[in-house]
Amino acid sequence: MIYTLPFLSIIDQNASVIEDILYNSDIRGVDYLQKHTSLSDSNYTPSENDFVKEQSPELLIDGWYSEIIITTFIQLFYSLISDKNKSLRKFHNITNSIIILDEVQTIPPKYWYLLKTIFIDLARYYNTWIIFMSATQPLIFNPKEISEIITDKDKYFQQLDRVNYYFHNNKIPLTTFAHNMVTKIKNNINKDVMFVLNTTESSKYLYDYLKQNLNNSFQLIYLSTNLIPLDRLDRINRINTKTSKQKIIVTTQLIEAGVDIDVDIIYRDQAPIDSIIQTAGRCNRNNNHEKGEVHLVKLTDNKGNTYSTIYSQTLIKATEELTRNINIISEKEFNMKIPELYHEKVKESISQEESYRLMEKIEKLELRNLQDDFRLIEDTDKLVDVFIEKDEKAKEIWNKYRIIRETNNREEFKKIKPEFYNYVIQIYKDKLGNNEYDEKRGIGYISHDNIKDSYDEETGYINEK
């Protein structure tokens with residue numbers, strides 16, 4: 001069984017749940033369960049199988065020899081659409097399997113036809129079952145081409161009525177919005193409020209404004225990819241820890257998939273339908289409170305531009321067409337009607353030219369650089385890793401890395417890799433400023449001595465420079 005997810009950030013929590021289930025059945029060890037991501041360590045200690053015992057750990061990890069694999073979309077798709085040996089090592093173990101794609105709505109629509117074709121062939125020729133899981137099922141397949149595992153899904157959607165959606169369709173400057181929210185927060189005493197913004201810049205502005213205008217009776221928490229993974233985990237733990245203080249959370253869209261947060265009120269900047277529904281899943285999540293509120297707003301910068309340009313404008317346009325006449329709608333009514341119409345619009349509007357081009361290359365066996373042409377995440381070539389030497393532990397890890405770097409010992413680096421990446425963020429290269437950068441190895445470095453100028457304890461990387 002191959003259980004795949006779109007984001008590294010939710011691999012661990014899903015793996016721990018499956019681990020508990022196996023553990024309670026007295027099933028343990030890497031023979032049965034393996035996490036495989038870009039951050040996996042090089043430890044693999046097989047137990048019974050004689051063939052497996054004779055292989056190197058690297059081959060076993062990359063080859064997916066465990067019974068259950070928990071991994072990312074990238075690891076799976078780059079093993080199906082690739083010309084690279086390392087990616088293809090696992091292909092024989094993908095056959096005769098059950099592949100679960102969780103949060104499948106995050107697959108870019110431009111690749112729907114390509115992946116549909118590949119999934120059909122996997123099922124037809126390699127005895128593989130494929131299961132899509134999502135609250136917002138995309139139209140990769142037409143309804144007649146696949147089977148619903150839940151035969152009466154509408155019955156379940158009708159049971160979910162935890163929130164009301166409020167659509168504020170007029171644009172509002174971020175500065176005005178921030179000012180208004182101080183009053184809103186104070187008028188909703190004892191209710192936890194979360195703000196989900198589209199950019200780190202807009203989220204930091206709102207956080208700083210609220211910090212200046214709210215007193216210490218509120219617990220204000222900031223969360224974004226500008227924070228190292230260790231700090232992000234700390235914030236999520238703080239959010240989920242009960243306290244007498246009212247929680248005010250300012251975050252970016254990283255909370256959309258899989259982050260287990262439950263609040264009373266959400267304000268969400270303009271986004272596609274999938275993102276709206278995923279965000280709403282963090283409001284009255286456990287259905288323990290009175291009905292939650294999810295407010296959709298259109299924030300603008302000081303030039304009047306919206307922050308929704310980070311999304312495909314085709315998706316934004318489809319969302320606007322379907323919601324422009326809605327002021328307030330219940331979760332039940334919204335989810336029963338809007339997502340299906342949305343995905344139909346998206347399928348009509350999004351070009352599959354990229355899918356056709358890649359399928360043609362595969363059919364002609366023009367495989368060189370195939371993996372480079374297929375990009376699940378855009379702009380990765382503009383991003384760089386930066387190590388933040390935040391504390392004494394980070395100093396120790398960086399010193400080990402420097403020694404390993406001098407000897408170019410990859411095996412030794414694999415031993416510290418998971419800990420190393422606990423202190424790494426990704427930023428756009430043009431935001432590096434004067435910070436140290438190793439072009440050869442593609443890693444930036446902020447020393448502990450310079451941390452005050454480049455990394456804020458509350459909001460993370462400082463990229464204004």
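User: Which residue does the side chain of lysine 400 meet in a salt bridge?

Analyst: This is a predicted model, where local features need pLDDT of at least 70, side-chain atom pairs count only at pLDDT 80 or more, and totals for chains, interfaces and linings use all residues. Residues are numbered from 1 along each chain as its sequence is written, and side-chain values use heavy atoms, with hydrogens and water left out. A salt bridge here is a side-chain nitrogen of Lys or Arg within 4 Å of a carboxyl oxygen of Asp or Glu. At 3.8 Å, N to O, lysine 400 pairs up with glutamate 396.

User: And which helix holds lysine 400 and glutamate 396?

Analyst: Helices are DSSP runs of H or I with at least four residues, strands are E runs of at least two, and both are numbered from the N terminus. The two residues sit four apart, about one turn of the helix, and their helix, residues 392–407, is H17.

User: Is aspartate 438 buried or exposed?

Analyst: Buried means under 20% relative accessible area, exposed over 50%, and partly exposed in between (1.4 Å probe, protein chains only). Aspartate 438 has a salt bridge with arginine 441, which is partly exposed at 35%. With a relative accessible area of 15%, aspartate 438 itself is buried.
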